[in-house]
Structures are given as structure tokens and as C-alpha cells.
Amino acid sequence: MKKTLQLLAGFWLVLWGVANAETGSGTGVGWGALNLPAGVTPDSHDIHDLHMTILWICVGIGILVYGILVYSLIHHRKSKGVVPATFHENTKLEIVWTIIPFLILIAMAIPATKVMIKVYDTSASDMTIKVTGYQWKWRYEYLTEGEGKGIDFFSSLDAKSNEARQLGSKIDPATVEHYLLNVDKPLVIPANKKIRILLTAADVLHAWWVPEFGWKKDAIPGFITDGWIKVETPGVYRGQCAELCGRDHGFMPIVVIVKTEDEYKQWVAAEKAKQDAGKADASKPLSLDELVAKGKEVYASNCAACHGLEGEGVPSVFPAIKGSKVALGPLADHVKLVLHGKAAMPAFKEHLSDVEAAAVVTYQRNGFGNNKGDSIQPADIQAYK
Amino acid sequence: MSVTTHDDTHAHDHHDHGPAKGFMRWVTTTNHKDIGTLYLITGLIMFFVGGAMALVIRAELFEPGLQYVDPHFFNQMTTLHALIMVFGAVMPAFAGLANWMIPMMIGAPDMALPRMNNWSFWLLPFSFVMLASTLFMDGGAAAAGWTLYPPLVLQTGHALPFTVFTVHLLGMSSIMAAINIIVTVFNMRAPGMTMMKLPLFVWTWVITAFLLIAVMPVFAGAVTMLLTDKFFGTSFFNAAGGGDPVLYQHLFWFFGHPEVYILILPSFGIISSIIPTFSRKPLFGYSSMVYATASIGLLSFIVWAHHQYTVGMPLAGELYFTYATMLIAVPTGVKVFNWLATMWKGAMTFETPMLYAIAFVVLFTMGGFTGLMMSISPADLQYHDTYFIVAHFHYVLVPGAVFALFAATYYWLPKWTGHMYDERLGKLHFWLTTISVNICFFPQHFVGLAGMPRRIPDYAVQFAEFNAMSSVGAFVFGFSQLIFAYVIYKAIQGGEKASSEVWEGAEAHGLEWHLPSPPPYHSWTEAPAQALISDLH
Ligand code: HEM
Ligand SMILES: [Cu+2]
Ligand SMILES: [Cu+2]
């Protein structure tokens, strides 16, 4: 019996610890990361407050219930020579312990309702970003005129994490910075602006979740869901896909960089400049080596998840690229397959720029010992779209 | 467990036959105890199969990085682990208890529909073999989670139709078992055994049976729609054809929420039998227990979308499901308070069944608290699909439903076998299990709150310590269950003879304690004497 008591005491100490733990940061390391982050948006603060209130109510009820139980276990035992009582009903008591919990619930329901109404109010936003979930990456499209309209990119697991997370990679995750929580190209937003996030998906369900922002929401193919954020503090915030979306569900993180208004403007200008440069690039011929080098990067973040970093594929699920009939066959068929997809193979015509598409096809034909020797130029990609 | 001897007090010279001999006894049996035994053994075997899968999951999660399995296989493990534990371990075990105990408790000779009883059991082994075989099919087993959400589940390879057919068979089996229980309880109670005298185990099973009949067809329908979407060109869940993936979720959880109560209501009944016996006091608030169970049953139909707070329901829907879900905490609280009041001023002893019952009250309540937290929809926008949810449902299902099954086994094992089980081993099993289950699941609350999503094979390094702890707990838990299997085996083989009463004063707590241990093959061939029934608490 002493053991039971110790066990119970242990629980409550731990709970106490949680409640008092540093709640400012959800990215704390090791034993420090115990509780919901207090977050950096108005919604996340409200939700954190609700969480702490209901947690304390549960702790209170717990102390009462477990206290009575423990008292009873100590005092009402046969070994103490107790003669058992015979009572077995008390209507007043039943009414009391029905009504009191009911009142507590009403007291909880009121603030919960208020917060939910706020969370749902996506009106009067300053800008809108459309987020699309893909197996297994995110696409961000900026929709608001003057706030980066036209910026449109994909964001997937960064190369270091991706290498380390392969089965039997022998790379210690602890040596990888932000292991599994880092991406090749983060979402960038301005601080202190109300941003409406529109969510949808291209293939299966996903869910977009950054804990510091207070909520997650499902991305549903064929439908649009929405939510809003208004981040108070510039910084880097990390999250993950939260709805099972297949093999690499655990490997499609979200990184959001929140910049001050000025820095954000600079970033938008730089992106625009890059876009223009990209358009010019598409008409510039590249050497085989340049294409292969660029293609290797594109391959790692777009193709390796299924076809393997070494082009080895997954037997009877995803075909190998190494020695593949397509990669060693006619160039036109290869390009078409990559751009338009086939069965489980997604269509990449929107994911990849002309340069990227040309590079990755060339890499597949010349990497992994395929050594086909031919290549395609960015300028020739359009013809296949 | 084969008993052919007559019990003296009930012996009559009409012809009475024992079981057939050999293997065919089990194939052709229509006897409620034989079928109960088959169900229980199946449940135990599947508990180990599902448990082995859990250990694959926890081994992979022991440290960051992928060490043992491919993520796709990992997803197959989480999917099959849940399906097997829910449909293969817990539900059959409860059906086994119902078969064994209900006729004995209500003063009947057997179940009302014995042939259907045989059929409903024998569907199970074939279904589970079929489900397990999907692991070896092209594309592997279903890997979309036990909820089988489209569109992901439609990416399953050859396994999809087999998985769907397994669900159909399991649903048929459950519905038949449910019909049998309802018909038995409504028609075969001994004279004087009024509804409000039924032991709570019987009451909770009757309500469970109604839930089963109401929701299994909905699940069967939903998975059939998956099948037609995949193979016959329909678009129920495909937006491109005018359908909606979220429709599936509504159908699934209209089944799924009552389903979780199907897994817990019979446990409530078991705990309500055990606590009075070992407190040597009548159950406190019998009628309020019956009403609370009934209201939980009714409420369970109108709260389903609390599993979908993040799908983008309209605000009004969001709020409605919040209020309705919070309401469930009220009757659930009433049950816990009644158990406390039953123990209060009792003369408790702490044999293994009672230890498990107490642990149930403590730890199930913990799951109730997290349930209450998650019912607050804005907060659930954070909790949803994290390890916090994993902690919640494992607290209600493992130290909840599974502990109730352990408690029931220890409580009735001497009655079934006629031998006392090894109390020392029972207590050892209890302590190892209870401590390890908390080491396994308690830290999951923390990683969940700190941001770890569920259903992932690998995680960021800040979650490493708690995951390692969780895995250690899981392995200790898993291997401790071998003790349980051994205790059962040993009691079947022999041991100290059990009296008919088994536990001091148990006779006042149920008719089963008036039958000899082990009981005759046909339980009450003659109705129990009125005095026995009116003396029950
Ligand atoms: C006080 C009573 C309870 C309340 C208020 C409650 C509430 C909830 C809520 C709101 C969720 C959804 C969380 C999410 O996915 O975001 C949930 C999940 C779940 N609950 Fe409960 N719950 C209660 C008791 C139970 C019981 C008794 C069981 C079963 C024995 C149970 C089993 C489950 C399961 C299995 C899930 C997760 C299903 C899944 O997503 O795979 N809960 N509960
Ligand atoms: Cu995902
Ligand atoms: Cu539910």
C-alpha cells in the first residue's frame, strides 16, 4: 500500500512540475519540454490560458478524488478490524455530485466559446497565403497584392535531416541542427499583420501545425479550410504535418520565419528579383555538369523520398532509377513522366521550374551510374508541358 | 474447464450431457462456457499479437533516427496494432466474459441463441488470419491508421478489399453476439430477477449490445463506400467527383465514438462487481449507476465530431460538439464517485482483482481528465493528433479496459477452473503491469504537449528522453504479460480447490457464486431459488 501512495505522490509531483515548468518555449530541449507553449499569437495565448485553467481544475478534482480514495484505502480495510457499513444509497449526494461538475463545466464552456469565436474570425486580414499539402512537402502561394503576390514555392525537409533520417544512415540525429524540423525553403511572413492562411491539399489529408501559433488545421483535397495568425515576435517557428499522410508523414516539417515589416519588404523584393532571374535562366543553356550538379539537389528534395537517395527505389513499391528503363530510354518519355506523373508518381510540372526539371531529368540519366550521356536544356521543357 | 459432474443441489435425473470429446467439441460447441472460453483465449492470443506490433513501434521510437523499420511498415504496424487490439483483443475478451457470466448471473442454463453463438465466434479466427495475411500482400497491409481515412487509405495495395472484408466479418460477429446478449437478458432471466436486480455487468453489456447493433452497420457501410470509391468509380469521398473526404470521418466517428464506449462500458460493469465484493459492502448508488451508464450510451451518439475539431466545421458545429462532449464527463464522474462511496467505510482487502479495480479507478480517471481537457475545442486545436491524444486513449484503454479484463480474469478464474490462481504471481503481475504502464504512457502527455505529432516513426531530438522512457515501460509491460498467461495456465492445470463462494461474502454479490466452482456444463438447469435472488444486494 505504501507503494500505491508513493506512486500517487509521484504523479502529482510530476503534474505539479508540468504546471510550473517554464512554459515560454515549446522548443525547449530534453526534460524542459513538458507543456504547451504559451505561443506568439493572440490565439495561442488564449488557448494556453484555457489549457492551464482546465489543467488546474483537473488537478483540483484529482486531489479531491484521489485524496478520498487514499484515505479510504488506509482507514477502511479489513486488516484494521473495520466492520463494513451497509449504506448503499444517498439521493442528496448523487444530486450534489451531478450538479457541481455540471456547473464547473458551464464555467469552462463560457471562456472556451469566446476563444473559439476569436479563432474562427478570419475577417479583416491584412494578407492571405495559400498553403497546399503534398505528399510530402508544402507549397506556399502569396495571394495579396502588394504583400508578395506571385511568390510561390515548395518547402520540404532539408537535405541534412533527409540524409540522416534514412534507415541505417549511421548519422546521429543529435548532430543535425533542428533534426526533422528544418526545411529547404521556409515560409516568410511579416510580424504584427493579420495573416489569413488558406489550406488545401493536392493528394491526401495533411494538417498544418506550428505549436507556437496555437492551432492546427486539416488540409483537405478539393476543399479550402482557413485560419489566421498575427505573430507578435519576429523569429523562427517550427512545426510539422499533423495528419497521417502516408510513408513520409513524419518528414514534412513547417518552418516559418517571421520578419519585421521592413525586413519582410526586403525579402519580397529579393524573391521577385530571383523570380525574374529564374525566367532569364530558363533561356540560358547549361553544361551537362551544371545540370547534373543542380539536378542532384532537386533529386534529393523531390525524388529521393520514394526512389531512394542512391536511385535504388523500394522493391515492388517504388521503381529504382538506377538502371531504369525510363531513365535509359527515350528522353521525351522520361521528361513527360516527370512532368505529368503516372499512378502513384506525382506530376511535377508545377513543382519544378524549367531549370529544375531539366536538371533533375539530366541527373537521373547520368547519375547512379546510368551514364546515358544525353541532357535536356531548360528552354526545351516548355514544349512538354 | 470441461466439467461433466452434476452439482448436488441442482442434480436431477433428467438426461444431461457433457461436452463432446476432442477437437470437434470446440468446433461444434453451442455451450456458453465453451464459447466463452474460445472467445477469451482468442482475445489473449490477439493481445500478444497486437502487443508484439506495439513493441515494434516502441523499438523504432526508442531513439531518434530510423533504426529498424521502413516508415511504410511502421504505419502498417500502427494500423494493425490498433485494429487488432480493439477488434481482436478487447472486444472478443468482453464477449467471452459475457458468454461465461451472463447466463450464470441471471439464472439461465445457457445463452438464448446457441447456434448463432457458435457462428459469431467462429467468424473471428478466419477474419484475423485474413487481416494478418494482408501484411504479406503487394503493397503491404493497410497503413492509413485504424481510422482508415480516405484518400490515404485508397493508396493501399491489394490489402484494401481484404481489410474491408475483415471489418464486415468482425461487424457481423459483433452484431450476432449483441443480439444474443439482448435476447438472453430480456427473455431468460430467472423468475424474480427483475431488470433492476441485474448485476451491473449484465446491465452495461445490454447497453453495449445496443450500441453495437446501432453503429457496426455504419462502419460497415463507410468501409464499403471506400471499396466502391476504389473499385467501382463512385466518388463518395472524392471531391473531384462531388464527394467529400470529411464525410467518411463523420461516418467513421459516428461509429467510432460509441465504439470507444463499447470498449469501456463492460469494464464499468466488472469494476462495479469487484469493488463491492472486496469492500464487503453493497454497491453504492445502484440505480444511479444504471442511469449513468444509459446516459453515457445515449450521449455517445451525439458527440462524434469531437474527433474532428480541426476539419474546419462551421463554428456552430464546433461549439455544439464541445458542449455535448463536456456533458459526458458528468455521468462518467458519477460512476467514479459511486465507486469511491462503495469503498468508503467498507472492510477492504486487496487481492489481485481488487488491486486491478483500484488501479482502474485511479488511472481511468486520469484518462477522463485528459478527455475533459480535449473536449474544450480551442485547446484541442493544439492537442489533436499529438501524443497527448495517444496518452489519453491509452489511459482509458489499457489501465481502463485491459485492467478491467485482468481484474475480471482474476476474479472469476477460480469460478471457471475450480482452482485458486497463484496470488503471489498475480500480485507480481499487478505491480509490474501498473508501474510499467505508467512509465510507458505518462511521459506521452509531455511530448504531446511539447509538440510531438502522433503516427510518426521518427522525431526531433528534444523528445528523445521521454520516448526512451516510454519504450522501456512498453517492453516491461509487454513481457510482464507472460506472467498473466502463466497464471492462467497454472490455474487451469490445478491448484488449491476453490469453494463455490470463492471470495468471502461473494454470495451476496451475484448468482454465479451459488454455483459450484467449476460450475456445471449447463449453468442453471433449474431456476435458482427465490431466496437466493432476494438476498442479493
Ligand atoms: C470523460 C470522458 C471522455 C472524454 C470527454 C473524451 C474526449 C475525447 C476527445 C475530445 C477525443 C478526440 C481528441 C483528438 O483526437 O483531438 C478523444 C479521443 C479518443 N478517446 Fe476519449 N474521451 C473520454 C473517454 C474515453 C473513453 C472512456 C475511451 C475508451 C475507452 C476513450 C477513447 C478514445 C480514443 C480511442 C480516442 C482516439 C481515437 C483516435 O483518434 O484514434 N475516451 N476522446
Ligand atoms: Cu502528414
Ligand atoms: Cu470520442
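How far is an oxygen atom of ligand 1 from an N or O atom in the side chain of B:His384? The distance is 2.7 Å. That is a polar contact, a pair of N or O atoms within 3.5 Å; within protein, one must be able to donate a hydrogen and the other to accept it, and residues adjacent in sequence count only if both atoms are side-chain atoms.

Some ground rules. This is a predicted model: local features need pLDDT of at least 70, side-chain atom pairs need pLDDT 80 or more, and totals for chains, interfaces and linings use all residues. Residues are numbered from 1 along each chain, chains are lettered from A and ligands numbered from 1 as written, and side-chain values use heavy atoms, without hydrogens and water.

Stay with ligand 1. B:Trp146 has a side-chain N or O atom 2.9 Å from an oxygen atom of the ligand. B:His392 puts a polar side-chain atom 3.0 Å from a ligand nitrogen.

Now the two chains. Contact means heavy atoms within 4.5 Å. Chain A brings 101 residues to it and chain B brings 103. The buried area is about 8,800 Å², with 73% from carbon and sulfur atoms. Buried area is the accessible area (1.4 Å probe) that two parts lose on being put together, summed over both.

What about charges? The rule finds two salt bridges across the interface. A salt bridge here is a side-chain nitrogen of Lys or Arg within 4 Å of a carboxyl oxygen of Asp or Glu. One joins B:Glu504 to A:Lys78, at 3.0 Å, N to O. There are also 25 residue pairs in polar contact between chain A and chain B, both residues at pLDDT 80 or more.
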